Amino acid sequence: MESQNLADFPRPVHHRIPNFKGSYLACQNIKDLEVFARMQEVKVDPDKPLEGVRLLALQSRKTLLVPTPRLRTGLFNKITPPPGATKDILRKCATSQGVRSFSTPVGLDARVQVDLVVVGSVAVSEKGWRIGKGEGYADLEYAMMVSMGAVSPETPVVTIVHDCQVVDIPEALLEDHDLTVDYILTPTRVIATGCERPKPAGIIWSKISCEMMEKIPVLRSLRSREKQAGKDVSLQDEPRDLDASRLQTAPLRALRGPQALPLATQREDVPADTVYVGNLPRDAQVSELKTALRARGAAPLRLSWQGPQRRAFLHYPDAASAQQAVSCLQDLRLGANSLRVALARQQRPSDLVDTRPGEPHPNRRPAVADL
């Protein structure tokens, strides 16, 4: 989009839902949808290219709900323009600044019934298959709305993109938590996808990490409710009974920064289920190591990445699984380097703890990346 001068403010478009020249024109096409004319309550994501839809919803006196950024303080904000708001004020209400200034939170107990969902996309296919910016918030927001009873399988989902963002997407890329769309609006087209792939039927707790639970309070509240209702709410990285035969399919999660090991004053203090990987190439990427581990059938439950120290720590379900992984990973190479692989408790203390000034302590929990 940038190379063809199609991108609009804000730029660059990387790591966000891209805004594009003609986004307001594409938003106007929503007036051609019968579902927009008869709906009363619409949820629209806060992305810049959807600003035109937010304005149309306010001008049509519809209830406008906008998710809070990264769900940090709740799920929705209801946009409430001041009495007698002029068109200029409504325009301001539709912006990201207006969402902050003219909104009130909507709690889990509010009786919300969303008639239409509008999401941003990085790419979308005419079959209705959608790719977002990779953080999963639109998928999670929809799943949370299902859990709240705010949407049903019949609730239409619309996305607004530039024509160049409509591409073929292999079905193999889709997972059961991915949100599909029913309508695609571009500056030149209105596409009814007729998508028959089921939308998420609720929160898939096994795909939610403990780190995400800590960051999203409303998610904790929903989990408590579903647990009381007798549902399985086990998280992605919660301790559970696993055996070595599940190494091949265990979820691989990368932790960047200092390793998530307890303070090790002696090697015996290091968990027996942890494997040390050393002599990583200086320019190695965590994705390269993850690919190599999967190829050997030794994907861990969690991976703690310390690229600057040229090492990583692999966390397995138990000591037997860790020992099996060590056997599988002998003679492992990454680039031109032969990697050192052994149980972490067999390493020298200097291999486990950074003693250089300014380095964080090893018992500080790292931030999660590559979820």
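Analyst: Contact means that heavy atoms lie within 4.5 Å of each other, and the model discussed here is a predicted one.

User: What covers the buried residues of α8?

Analyst: The cover over the buried residues of α8 includes α6 (137–148) and α7 (210–215). The buried residues of α8 are Val218, Leu219, Leu222, Arg223 and Glu226.

User: How do you know that these buried residues are on the same side of α8?

Analyst: Val218, Leu219, Leu222, Arg223 and Glu226 are the buried residues of α8. Around the axis they cover an arc of only 140°, and therefore they are on the same side of α8. The face turned away from that buried side carries Lys227 and Gln228, which are exposed.

User: What span does α8 reach, and what is expected for it?

Analyst: From its first C-alpha to its last, α8 (residues 217–228), with 12 residues, reaches 17 Å, which is close to the 16 Å expected at 1.5 Å a residue. Just after α8 comes glycine 230, whose phi is positive at about 90°.

User: Why is Arginine 61 called exposed?

Analyst: Its relative accessible area is 77%, and exposed means over 50%, so Arginine 61 is called exposed. Arginine 61 lies in the loop between α3 (51–59) and β2 (63–67), and has a positive phi of about 60° although it is not a glycine.

User: Why is Arginine 310 called partly exposed?

Analyst: Arginine 310 has a relative accessible area of 23%, and because buried means under 20% and exposed means over 50%, that value falls in between, so the residue is partly exposed. Arginine 310 is found in the loop between β13 (302–306) and β14 (311–315), and its phi is positive, about 60°, although it is not a glycine.

Notes:
Residues numbered from 1 in each chain as written. Predicted model: local features only at pLDDT ≥ 70, side-chain atom pairs only at ≥ 80, totals over all residues. Heavy atoms only, no water. Helix = DSSP H or I, 4+ residues; strand = E, 2+ residues; numbered from the N terminus. Buried < 20%, exposed > 50% of the residue type's maximum accessible area, 1.4 Å probe, protein only. Expected span 1.5 Å × (residues − 1). Arc of directions from axis to C-beta.
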